[in-house]
Amino acid sequence: MLDLLVTHATLPDGRTGMSIAVQNGRITEVTAGLHAPAQQTIDAQGLLVSPPFVDAHFHMDATLSYGLPRVNQSGTLLEGIALWGELKPDLTQEALVQRALAYCDWAVGKGLLAIRSHVDICDPRLLAVEALLEVKHQVAPYLDLQLVAFPQDGALRDPLAMDKLKRALDMGVDVVGGIPHFERTMADGALSVKLLCELAAEQGKLVDMHCDESDDPMSRHIETLTYETQRLGLQGRVTGSHLTSMHSMDNYYVSKLLPLMAEAQINVVSNPLINITLQGRGDTYPKRRGMTRVPEMMAHGLTVALGQDCVMDPWYSLGSGDMLEVASMGLHVAQMTSQAAMRQCFDAVTVNPAKILQLDGYGLKAGCWADFVLLQAQDPVEAIRLRATRLQVYKRGKLLAQTPAATASLQLPGRPAQTDWLLRKAE
Ligand code: FE2
C-alpha cells in the first residue's frame, strides 16, 4: 500500500494524466494512469503539479524590517546599504529569528521550500549568522535554508571582514559570498574575488557573489569571477548574482564574455523585482532597466535563476515570497514572451535554482523526495499568468500548507455563477 497517490496530474514538461506514487517520503513512480491502493489519494483534476519553488537569492536577515529605522528615500542600492548599517546596531537575535520564521511561513504557503539566503557577516557579534543558523535548524523539517557568508561592507573595505567571514564558515555557513563592486577600487574588487574564490577552493565551498550590481558599463568583476572559476577548477560551483552592469555593457565585450562564462559554467541569479526598481535611478530618459541579459545567457547554456532578493526591507518595500511574481516580472522585463521562453521563466524559479543550490533529490522522478506543489493552473505559463494559488504544498509526502481555490462568484445575467480565470482547453 502506497502512502500517497496523486492522479490526473499535469507535469511542467507537458505530460498529462500522470500519477505520482509516494512511499516513505520519496517518489517511487511517475507514470500515466497508475491506480494503486494508497493511504491517501489526491485527484489533481488535470491541474499542474510542480516540484517546489526555489529561491536562489534572498536576504533573510533583513526581511520584514521595512521602515526600521526609516524608509529608503532615494530607492538606490547605496542608500539601502547605509540604512541597513543604521539598523544593524539595534538588531536583536530574537527579532531576527522571529522575522525570518515569519517569512518562512509566507514562503511555505507559496510552495517555496528551498531558499539560499545571504547573511551579513560584517557585524563583529555575528548576530545575524547565529540567528539564521538557528532559523535554518528550526525550519529544516519543512524548508531547506542554505546560507551565504556575505561581506555587506566589503571583504576588503571592512578590514576585519575576511576574518569574520572565515568565522561564519567555521560556524556552519555553507557558501562564500562577496560584493566586489562595493570595494574601494576596481583593483580591490578584483582582489576580493581572487581571495574569496581561493578560500572557497581551499574549503570545498560553493561561491555566490553579488557581482557588478550597478549601472556601470565598465564594471568587470564578472570577468574576474569567471577567470578565477576557471583557474581554480571551480566550474559549476560559482554563481554571479545580479550582474546588472551587463545590461549596460558594450555588446562586443559581452559577445566575448558570455562564451567565457559558459566555459567556466558560471551560474547566474537575476533578481528582476529589485533590479528594475534599484537600477537606472541616475538616468533620465531613456531609463535603463538594469536586469542582466537573461535570454542571451540561457542561449549560451548558462544555468539562470530568477530570485526574490528582498521582501519588505531597506531595499524593497513589497513582495511575499511568491516566486511566480518573480518569474512574471523577469518574463516582462526580459521580453521572454514566446511559449518556450515563458516556460524557461518557470524553470528559472524551480529546476534551475535547484541545480544552483545543488539540492539533493529534487524533481518529479522516481527516487526524488516527494516534495511538490499542486497549483490552480493547467500549465507553467498559466501558473505565471495567474500567480496561481498553491492549492496544496507537500514535503516528503506530507501536507504542509493548503489554500482555497481562487474563484469569484458572479451575479451576471445569462453568465456562469463563477469564474476562476483558467482558460480551459476544451472551451
Ligand atoms: Fe542580494
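Let's start with Thr226, which sits in helix α6, the stretch covering residues 221-231. Keep in mind that this is a predicted model. Thr226 counts as buried because its relative accessibility is 4%, and the cut-off for buried is under 20%.

So who does Thr226 touch? Setting aside neighbours within four places in sequence, Thr226 is in contact with Leu260, Met261, Ala264 and Ile266.

## How α6 and α8 pack

Two packed helices are described by the angle between their axes and the distance between the axes. Here the partner is helix α8, residues 251-263, and the axes of α6 and α8 come within 9 Å, crossing at roughly 30 degrees.

## Cysteines on their own

How many disulfides does the structure hold? A disulfide is a covalent bond between the sulfur atoms of two cysteines, and the cut-off used here is 2.5 Å between sulfurs.

Take Cys122: the closest cysteine sulfur belongs to Cys310 and is 16 Å away, so a bond is ruled out by distance. Cys310 is in no disulfide either, as its nearest cysteine sulfur, in Cys104, is 15 Å away. Cys122 is buried, at 5% relative accessibility, and Cys310 is buried too, with a relative accessible area of 2%.

How values were computed:
Residues numbered from 1 in each chain as written. Predicted model: local features only at pLDDT ≥ 70, side-chain atom pairs only at ≥ 80, totals over all residues. Heavy atoms only, no water. Helix = DSSP H or I, 4+ residues; strand = E, 2+ residues; numbered from the N terminus. Buried < 20%, exposed > 50% of the residue type's maximum accessible area, 1.4 Å probe, protein only. Contact = heavy atoms within 4.5 Å. Axes fitted to C-alpha atoms, helices over the stretch in contact; angles between N-to-C directions.
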